[in-house]
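Try each task yourself before you read the solution.

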Amino acid sequence: VLRNICFFIHAGEKIAIVGKNGSGKTTLLHLLMGLYYPTEGEILINGKMLSREEYPLYRSKFAAFFQGMKPLETTVAENVALDTDVNLERVCKALQKTNCEELFPQAENTMIGVQFDPTGLILSGGECQRLMLAQCFYSNKLMLIMDEPSSVLDPVAERDFNQRVSE
């Protein structure tokens with residue numbers, strides 16, 4: 001589907017890739033993040049094509065938020081940090097950025113899901129998306145890639161979400 005694509009992304013830019021379902025938007029994101037290797041053409045970073053050995057370091061610079069991501073059945077804090085070694089202050093800041101701090105006032109003790117704790121929380125689609133975005137903010141990576149991050153949010157929540165991401 002992707003043919004003759006040529007564009008530049010400069011530091012600090014916010015871009016949107018828009019198209020019909022199946023037009024290759026997600027594939028393009030995966031190529032840009034180095035999750036796929038191009039079968040034709042090339043992707044240049046600062047004018048240089050990456051070798052396969054350089055891809056792991058390149059990938060480590062991205063925080064990604066993909067449609068359909070789901071939290072792990074563990075604490076809110078461990079979900080945000082994606083680790084059991086949690087910086088609680090950073091977790092709280094990430095939750096504030098996604099307007100989740102009121103949902104999870106005890107992030108270090110609040111369990112997600114009921115598989116391991118019958119009192120764990122069952123999250124709505126919008127709450128899951130906001131929690132997954134908090135992971136991106138916690139990671140503090142150089143680049144943030146989002147693939148339909150607000151697909152299950154209501155219009156008011158989507159406006160708030162877009163404002164927070166823009167900040």
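**Exercise 1: charges over rings**

Which residue lies over the face of phenylalanine 137, and at what distance from the ring centre?

Solution. Keep in mind that we're working with a predicted model.
- Step 1: look above the ring of phenylalanine 137, and you'll find lysine 97 at 5.5 Å from the ring centre.
- Step 2: check this against the cut-off, which asks for NZ of Lys within 6 Å of the ring centre.
- Step 3: now hop over to tyrosine 138, where the charged end of arginine 90 sits over the ring, 4.0 Å from its centre.

**Exercise 2: rings meeting rings**

Find out how many aromatic pairs the whole structure has, and describe the ones that involve tyrosine 58 and its partners tyrosine 55 and phenylalanine 62.

Solution. A ring pair is described by the distance of the centres and the angle of the planes.
- Step 1: searching the whole structure turns up three aromatic pairs.
- Step 2: take tyrosine 55 with tyrosine 58, whose centres are 6.2 Å apart with 90° between the planes, so with edge-to-face meaning over 60 degrees, this pair is edge-to-face.
- Step 3: where do these two sit? Both belong to helix α2 (residues 55–59), three residues apart, or about one turn of the helix.
- Step 4: tyrosine 58 also pairs edge-to-face with phenylalanine 62, at 5.2 Å centre to centre and 80° between the planes.

**Exercise 3: the nonpolar cores**

Work out which element gives the most to the largest nonpolar core.

Solution. 
- Step 1: this core has 25 residues, and Val76, Leu95 and Phe104 are among those with the most contacts inside it.
- Step 2: β3 (62–66), α3 (76–81), α4 (88–97), α5 (125–139) and α6 (155–166) each bring at least two residues.
- Step 3: zoom in on leucine 133, which touches Phe65, Thr98, Met146, Phe161 and Val165, leaving aside residues up to four places away in sequence.
- Step 4: there's also a second, separate core of eight residues, including Tyr58 and Phe62.

**Exercise 4: a strand on the inside**

Explain why β3 counts as largely enclosed, and find its pairing partner.

Solution. 
- Step 1: four of the five residues of β3 are buried, so the rest of the structure largely encloses this strand.
- Step 2: β3 pairs with strand β4 (residues 143–147) in the parallel sense, over five bridges.
- Step 3: opposite phenylalanine 62 you'll find methionine 143 in β4.

Definitions and conventions. Residues numbered from 1 in each chain as written. Predicted model: local features only at pLDDT ≥ 70, side-chain atom pairs only at ≥ 80, totals over all residues. Heavy atoms only, no water. Phe/Tyr/Trp six-rings, centres within 6.5 Å; stacked < 30°, edge-to-face > 60°. Lys NZ or Arg CZ within 6 Å of the ring centre and 35° of its normal. Core = buried A, V, L, I, M, F, W, Y, C linked by side-chain atoms within 4.5 Å. Buried < 20%, exposed > 50% of the residue type's maximum accessible area, 1.4 Å probe, protein only. Contact = heavy atoms within 4.5 Å. Pairing = 2+ DSSP bridges.
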